[in-house]
Amino acid sequence: MREDICSIPINDVFLPKDGCPFCRMRDMLEDRMAVYITGAAMMEPDIRIETNRLGFCQEHFNQILAKGHKLSVALMLESLLKQVQEEIFPEDGKPNPKKIAAAVHAREHSCFVCDNLEKNTQHLMGSFLALWRKDPDFRKLYREQDHICLTHYGAVMEAAQKLPKKEFAEFYTVTTRLAKQYLETVTGDVSHFCQMFDYRSVGGDWGNSVDAVERAITWLTTRQPITDQDSGEKNR
Ligand SMILES: [Zn+2]
Ligand SMILES: [Zn+2]
């Protein structure tokens, strides 16, 4: 992966103060990768070797399909499918169910974008902490974030282990407030949503609970739920 694809201006990511800033950072990386994979990378054999080896998870297949020309995706799939055939259905040797299951399992759990995201996120977390340590304005900007989602609370805590003890105490207080306060708010909103279905609430005020379910799922998973799937029968 070319380095410039993944160089993200940390300060800019934190400016909007809307949602989780690390989700925004991830979105920015994903966006650039999807454009790159179906664009410039089509001419780079090294990248094709890696995309054939790792494939993509469903989330990232969706993203590259949304960003790139369908022909680019088809060309990538052509060599990817051939490699899958060689791995899962080898021409020689006795059938080995354990090996087949392991090969399929490995495929299901590997993704070129996820792999690169993880590597680059670790690097970006380091840059983020360095900026937090040296820049008082950025510390203020960080304090003023709307919230931090569950996944990124964990990721930030993992990175923060490297901070000196005294700085960690301040960082921990601010970060934990951003994650925990939002959890408390969203929990209250979900309860309010549930209460609104009680007959005693008829005509009551929904307050901030209308999108509480979506916000709770987004906080737990880092992704907004897709609710337009037609699953046929539904428990309403
Ligand atoms: Zn997040
Ligand atoms: Zn993925």
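**Legends for the close-up views**

**View 1. Lys140 counts as partly exposed because its relative accessibility is 43%.** Buried stands for under 20% relative accessible area, exposed for over 50%, and partly exposed for what lies in between (1.4 Å probe, protein chains only). This is a predicted model, in which local features need pLDDT of at least 70 and side-chain atom pairs count only at pLDDT 80 or more, while totals for chains, interfaces and linings use all residues. Residues are numbered from 1 along each chain as its sequence is written, chains are lettered from A and ligands numbered from 1 in the order in which they are written, and side-chain values use heavy atoms, leaving out hydrogens and water. Lys140 sits in helix α8, residues 136–143; helices here are DSSP runs (H or I, at least four residues), as strands are (E, at least two), numbered from the N terminus.

View 2. Setting aside neighbours within four places in sequence, the contacts of Arg139 are Trp132, Arg133, Glu167 and Glu170. A contact means heavy atoms within 4.5 Å.

**View 3. Helix α5 covers residues 70–88 and has a span that agrees with expectation.** Its 19 residues, at 1.5 Å a residue, should span 27 Å, and the end C-alpha atoms are 26 Å apart. The expected figure is 1.5 Å times one less than the number of residues. On this helix, look for the buried residues Ser72, Val73, Met76, Ser79, Leu80 and Ile88. The buried residues of α5 pack against α2 (21–37), α3 (45–54), α4 (58–67) and α6 (97–108).

**View 4. Lys17 has a positive phi of about 50°, although this residue is not a glycine.** Lys17 belongs to the loop between α1 (10–14) and α2. With a relative accessibility of 36%, Lys17 counts as partly exposed.

**View 5. Thr222 has a positive phi of about 75° and is not a glycine either.** Thr222 is found in the segment after α11 (212–221). Thr222 is buried, and its relative accessible area is 10%.

**View 6. Thr227 lies in the segment after α11 and is exposed, with a relative accessible area of 59%.** For a handy distance to draw, pair Thr227 with Glu214: their C-alpha atoms are separated by 9.1 Å, and the two residues are 13 apart along the chain.

**View 7. For orientation, the whole protein has eleven helices and zero strands.** The C-alpha trace spans about 65 × 55 × 35 Å along its principal axes. Its radius of gyration is 22 Å, whereas a compact globule of 236 residues would have one near 18 Å; the radius is taken over C-alpha atoms, and the globule rule is 2.2 Å times the number of residues to the power 0.38. Of the 236 residues, 36% count as buried. Among contacts between residues at least 6 apart in sequence, 69% join residues at least 24 apart.
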